[in-house]
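Dear colleague,

Please find below the structure that I am handing over to you. My notes on it follow directly after.

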Amino acid sequence: MNQYQLPTPEKKPEYVKTNFDHIAKAYDRFNDWNSFFLHRKWKNWIIEKAKREIPDIKIALDLCCGTGDITSRLSRMPEILEVTGLDFSENMLSFAKQKIGEGKNVKLVLGDAMNLADFKNDSIDLITMGFGLRNVSDLKKCLLEIKRVLRPGGVFINLDVGRVRPFFLKWFADFYFFQIVPIFGYLIYGKKHEMFDYLPHSSTTYPDQETLQKILFEIGFSEVHFQNFVFGNAVGHVARK
Ligand SMILES: C[S@@+](CC[C@H](N)C(=O)[O-])C[C@H]1O[C@@H](n2cnc3c(N)ncnc32)[C@H](O)[C@@H]1O
C-alpha cells in the first residue's frame, strides 16, 4: 500500500463531498477503466434483483447516486412511478442531471444519506446504493435511516467493495486496487489527486461481506443475503425490512 492516510471520521463528510466535487468530471471514465467496465454489469444486477425481490415497486430512492448510473437504470423501469437520486456532491449531481435529465418520474436532490428527514417513515419500496456506504461517516446511522424510510416488506440493495478470499488472489487484487487503480485515476483526471487513493483505502475500514450481512440482521433487516462478483472484489447485499 502507498502512504495515503484516510481522513478522521469527523473530517470525513466534508472531505468526501469536496473531493467528489473535484473528481466528478473523471468519475464515470475512472469507474469504467478500473472495473474493466464490469461495474455496469453489477449495476444491471441491482435492477434484475430489484424486479425479482419486489415485483410491485412504485417508489425508489437511489442514495449516494453520484453521476446517476443506478438512478437512470431505475428511471427506465416502467413499473416505477417515482425515483429520487440523492447525493451531497453538487458536481456529481450535475453530471447525473446531464445524463438523465429530470423527467416526470425522476428527481435528483442534494442531501445527506445519513439524514433522510425529507422522507417519511415506511414510504419507499426500494432503496439502492452503489459504492456509497463505505463513504458515509456513520454506517449504522445510515442503515437505520434506510430502514426507517423503507416500507415494511421494502428492499435495500447495496453494491460496494468486498474482500477477496483466496490468499493468492487477494494479493493480486490488493496490488491492483491500491497501486494500479489510483494511477488510472491520475491519468483520467489529468494529474495526481488524493481522491483516487482515498477510494481504495476507504475499503480498509468497511466491513467485509459476512460482517455487513451480520450488521444488517442486527439492525433488524430480514432475508439478508449477498452475491460476490469477481471473487468478492465487489459485493451486492440484499436486505428486506
Ligand atoms: C463512489 S460514488 C458512487 C456513485 C454511484 N452511486 C455509482 O455507483 O457510480 C459515491 C458517492 O457517494 C456520495 N456520498 C458520500 N457520502 C454521502 C452522504 N453522506 N450523503 C450523500 N451522498 C454521499 C458522494 O458524493 C459520491 O457521489
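Which residues touch the most other members of the largest nonpolar core? They are Leu63, Ile124, Ile127 and Phe156, in a core of 58 residues. Helix 1 provides the largest share of this core, seven residues. A nonpolar core here is a set of buried Ala, Val, Leu, Ile, Met, Phe, Trp, Tyr and Cys residues joined through C-beta atoms within 7 Å. A residue is buried if 20 or more other C-beta atoms lie within 10 Å of its own, exposed if 12 or fewer, and partly exposed in between, with C-beta atoms placed from the backbone.

Two conventions apply throughout. Residues are numbered from 1 along each chain as its sequence is written. The model is predicted: local features need pLDDT of at least 70, side-chain atom pairs count only at pLDDT 80 or more, and totals for chains, interfaces and linings use all residues.

Overall architecture

The protein contains eight helices and seven strands; these are DSSP runs numbered from the N terminus, helices being H or I with at least four residues and strands E with at least two. Along the principal axes, the C-alpha atoms fill a box of roughly 45 × 35 × 35 Å. Of the 241 residues, 40% are buried.

Two residues are in contact if their C-beta atoms, placed from the backbone, lie within 7 Å. Among contacts with a separation of 6 or more, 69% join residues 24 or more positions apart. Leucine 63, named above for the core, touches Leu86, Ala113, Ile127, Met129 and Gly132, when residues up to four places away in sequence are not counted.

Surroundings of the ligand

The shell around the ligand has 22 residues, of which Cys64, Gly66, Ser89, Ala113 and Gly130 come nearest; a residue counts as near if its C-beta atom, placed from the backbone, lies within 6 Å. Helix 1 (12-34) and helix 3 (69-75) each supply at least two shell residues, and helix 1 gives the most, with five.

UniProt, in an unreviewed entry, places a "binding site" at Thr67, Asp87, Asp112 and Ala113. Such annotations may be inferred rather than shown by experiment, and the positions follow the numbering used here. Threonine 67 sits in the loop between strand 1 (59-63) and helix 3 and is buried, because 26 other C-beta atoms lie within 10 Å. Beyond its neighbours within four places in sequence, threonine 67 is in contact with Ala24, Tyr27, Asp28, Met92, Phe95, Ala96 and Lys99. Aspartate 112 lies in the loop between strand 3 (106-110) and strand 4 (124-130), and its 18 C-beta neighbours inside 10 Å make aspartate 112 partly exposed.

Further points

The unreviewed UniProt entry also places a "transmembrane region" at residues 168-189. This span is 100% helix and 0% strand, and its end C-alpha atoms lie 31 Å apart.

Most residues other than glycine have a negative phi. Phenylalanine 37, however, has a positive phi near 70°; this residue is in the loop between helix 1 and helix 2 (38-53) and is exposed, with 10 other C-beta atoms within 10 Å. Aspartate 122 has a positive phi near 55°.

Yours sincerely
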